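Here is a short report on one chain.

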Amino acid sequence: MFYFSPRVISIISLIEVLIILVPSLLAVAYVTVAERKTMASMQRRLGPNIVGYYGLLQAFADALKLLLKEYVAPTQSNIILFFLGPVITLIFALLGYAVIPYGPGLTINDMSLGIFYMLAVSSLATYGILLAGWSANSKYAFLGSLRSTAQLISYELVLSSAILLVIMLTGSLNLTENIEAQRSIWFIFPLLIIFIIFFIGSIAETNRAPFDLAEAESELVSGFMTEHAAVVFVFFFLAEYGSIVLMCILTSILFLGGYLLTNNLDLINSIIIDLGSSSIFVKKDLNEFIRLIFFINQNTLIVSIYDYIMEGLKYEILYYNNILVEGLYYYYFDILKNSSVLDGLLYGLVLGLKSSILIFIFIWTRASFPRIRFDQLMAFCWTVLLPILFGLIILIPCILYTYSIFPINIYLL
């Protein structure tokens, strides 16, 4: 056993955070370049092509320009809150990356309530926008912050309702377990309508066109960030694009299988199937256990079998070909822990590719649809999306209960 001092542990934690944050900020920088180049191509113009090869250094030139600009603060503003608002928005936009699994076990904190954490962090970012708009002492900024707050709170309900339907299929709030539950089939196929609603809510949640009413140039100049300039404007800029990347990653995790590329659990799945048809030495109801085994094979890991055996069968011993199922559980996760660096890179590239496709759709949507009115935006949320979601919240559990395909940890409740 190795024992590290608290100082060494703190240094290791700091390195882990930097390993996540630095690539995230670089991704945000290049998303801005990708957006400008993509929209330029769609609108038959060049876009940035001077700074660096093919304009790849344009984001760093823009950041340097904003950092070197003279900062001018409104004389009648609340200076402390005026500076604190953008900082709060950026911090909570970046905190969500702490629970993102980039591969099996490749995360800073694999929380059992990771989805709750994501929803809480995205909700708290609203306070930064509200403080920034109110403290500027400008009617445009104040109206922009009120619009943004109403929009974020409304569409937060859409996102949480859509996530609830995904949780009904997985029975877990852990992001890694939600990914592993999609080894048989990605959730975008059975939940296509939910995916579309979730994606529309993600666009509204990140204040992107055609739902960017909080910063409508034709009405509010620049919305809640009208009076901000130089460094604090960079904070808002990074927070907006950081939340876009984060929402695309979350969408790929919940509906597109996350870091999964193919089903590489064929061996484990065959073992699970054999468990339902071979000699099993238990003292409980064998038929009920076999039925649960066949269901588990469709949408979750062998860890759920282990939990069921240890809790449901009251720690009685289960053998398959003279091998403890508990031993299979530890053997499988030893394989995951001892996987090569190349496997980790492959998982990260798969997740990045799926997220990049979703980011492209974000940009494509901005270039394709005109901005709608604010009352239309709110009416679309409360009179169209939410009634559909409430109907699905009733329908999907009925289907799961009818065919007895609730996840095992929900079923046992």
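## Helix α7

Helix α7 is mostly covered, with 10 of its 14 residues buried. This comes from a predicted model. The buried set is Ile194, Phe195, Ile197, Phe198, Phe199, Gly201, Ser202, Ile203, Ala204 and Glu205.

The 14 residues of α7 reach 20 Å from first C-alpha to last. That is close to the 20 Å expected at 1.5 Å a residue. Asparagine 207 follows α7 and has a positive phi, near 55 degrees.

## Packing of α7 on α9

How do the axes of α7 and α9 cross? Helix α7 covers residues 192-205 and helix α9 covers residues 230-255. Their axes come within 11 Å and cross at roughly 170 degrees. Angles over 145 degrees count as roughly antiparallel, so α7 is roughly antiparallel to α9.

On the α7 side, the contact uses Ile194, Phe195, Phe198 and Ser202. On the α9 side, it uses Met247, Leu250, Thr251, Leu254 and Phe255. By class, the residues of this contact are seven nonpolar, two polar and no charged. The four α7 residues named here, Ile194, Phe195, Phe198 and Ser202, are also in the buried set of that helix.

## Phenylalanine 237

Phenylalanine 237 also sits in helix α9. Is this residue buried, partly exposed or exposed? Its relative accessibility is 34%. Buried means under 20% and exposed means over 50%, so phenylalanine 237 counts as partly exposed.

Phenylalanine 237 and proline 86 are 151 residues apart along the chain. Their C-alpha atoms are separated by 9.3 Å.

## Helix α4

Helix α4 spans residues 114-135. Its 22 residues should span 32 Å at 1.5 Å a residue. The end C-alpha atoms are 33 Å apart, which agrees. Just after α4, asparagine 137 takes a positive phi of about 60 degrees.

Buried residues of α4 include Ile115, Met118, Leu119, Val121 and Ile129. Glycines are in the buried set too, among them Gly114, Gly128 and Gly133. Which helices do the buried residues of α4 pack against? They pack against α3 (79-95), α5 (139-170), α6 (175-180) and α9.

## The whole chain

The protein chain has 16 helices and two strands. Of its 413 residues, 48% count as buried. The chain exposes about 21,200 Å², and carbon and sulfur atoms supply 69% of that area.

Consider contacts between residues at least 6 apart in sequence. Of these, 79% join residues at least 24 apart.

Notes. Residues numbered from 1 in each chain as written. Predicted model: local features only at pLDDT ≥ 70, side-chain atom pairs only at ≥ 80, totals over all residues. Heavy atoms only, no water. Axes fitted to C-alpha atoms, helices over the stretch in contact; angles between N-to-C directions. Parallel < 35°, antiparallel > 145°, perpendicular 65-115°, else oblique. Contact = heavy atoms within 4.5 Å. Nonpolar A, V, L, I, M, F, W, Y, C, P; charged D, E, K, R; others polar. Buried < 20%, exposed > 50% of the residue type's maximum accessible area, 1.4 Å probe, protein only. Expected span 1.5 Å × (residues − 1). Areas by Shrake-Rupley, 256 points an atom, 1.4 Å probe, with all protein chains shown as cover.
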